[in-house]
Amino acid sequence: MGAALGAVAAQAQLIDNPDWQESAVPPPPAFDVKRALQIEMPAYMTLKFGIDPKTIVITPDGVVRYVVLGWREGSNTVNAFYEGVRCATAEYRTYARSADGEWRMAEGTDWKRIDERNSIYTYELSRQALCRGRAPRASVTDMVRELKRPEILLY
């Protein structure tokens, strides 16, 4: 019971702490399109999105970092985005982008609200796999399991 109360207290600090600071962001991780687990998107979307599960990391400050890939059916062009989601505040941030295998750091990006629909794939990814309410899922393994179960989603 003590461990459960400690976890609740730690989560409350991530949500309610006005002095919260994001930990240092490491360089973008290597990714492989062949490992991508597809994100279920609304039927009207023509772009496909997937996440390389080997790039998912849950940081001690409550941020889930990952590389998400975007492509069009039948195209060889793949765009990659190195991002972070903060489930506690329902926000996301882009750290870097790549369209040709070379990362370009996104300078001066701020945290944005996920529900403003600036990024539908980020909304779907956080809802389907990364977050459970206002907290990251317990482990990367849990996140990957949820991505592999799109049949339980209802639109």
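Two strands pair if DSSP finds at least two bridges between them; strands (E, at least two residues) and helices (H or I, at least four) are DSSP runs numbered from the N terminus. The model is predicted, so local features need pLDDT of at least 70 and side-chain atom pairs pLDDT 80 or more, while totals for chains, interfaces and linings use all residues. Residues are numbered from 1 along each chain as its sequence is written, and side-chain values use heavy atoms, without hydrogens and water.

Q: Which pattern does the protein chain follow along the sequence?
A: The protein chain contains 3 helices and 10 strands. Read along the sequence, these elements give the pattern α-β-β-β-β-β-β-β-β-α-β-β-α.

Q: How many bridges pair strand 5 with strand 6?
A: Strand 5 covers residues 78-86, and strand 6 covers residues 91-98. Within this pairing, Phe81 stands opposite Arg97 of strand 6. The two strands pair in the antiparallel sense, and the number of bridges is 7.

Q: Which residue in the turn between strand 5 and strand 6 has a positive phi?
A: Strand 5 and strand 6 form a hairpin with 4 residues between them. Most residues other than glycine have a negative phi. In this turn, a phi of about 55° belongs to a residue other than glycine, namely Ala90.

Q: Is Ala90 buried, partly exposed or exposed?
A: Ala90 lies in the loop between strand 5 and strand 6. Buried means under 20% relative accessible area, exposed over 50%, and partly exposed in between, using a 1.4 Å probe and protein chains only. With a relative accessible area of 28%, Ala90 is partly exposed.

Q: Which residue stands opposite Arg97 in strand 7?
A: Strand 6 also pairs with strand 7 (residues 104-105), in the antiparallel sense over 2 bridges. Their hairpin has 5 residues between the strands, and Gly101 there takes a positive phi near 90°. In strand 7, Arg97 faces Arg104.

Q: Which residue stands opposite Glu91 in strand 8?
A: Strand 8 comprises residues 112-113 and runs antiparallel to strand 6, with 2 bridges joining them. The residue opposite Glu91 is Arg113.

Q: How many residues of strand 6 are buried?
A: Across the protein chain, buried residues make up 42% of the 155 residues. Strand 6 is mostly covered, for among its 8 residues the number buried is 6.

Q: What is the relative accessible area of Glu22?
A: Glu22 is placed in the loop between helix 1 (2-16) and strand 1 (37-38). Contact means heavy atoms within 4.5 Å; leaving aside residues up to four places away in sequence, Glu22 touches Asp61, Val63, Arg65, Arg93, Tyr95 and Trp111. Glu22 is buried, because its relative accessible area is 18%.

Q: What distance does the polar contact between the side chains of Glu22 and Tyr95 have?
A: A polar contact is a pair of N or O atoms within 3.5 Å; within protein, one must be able to donate a hydrogen and the other to accept it, and residues adjacent in sequence count only if both atoms are side-chain atoms. The side chain of Glu22 makes such a contact with the side chain of Arg93 at 2.5 Å. For the side chains of Glu22 and Tyr95, the value is 2.4 Å.

Q: How many residues of helix 2 are buried?
A: Helix 2 spans residues 120-130, and its buried residues include Ile120, Tyr121 and Thr122. Leu125, Gln128, Ala129 and Leu130 of helix 2 meet Met143, Glu146 and Leu147 of helix 3. Helix 2 is largely enclosed by the rest of the structure, because of its 11 residues the number buried is 9.

Note on methods. Axes fitted to C-alpha atoms, helices over the stretch in contact; angles between N-to-C directions.
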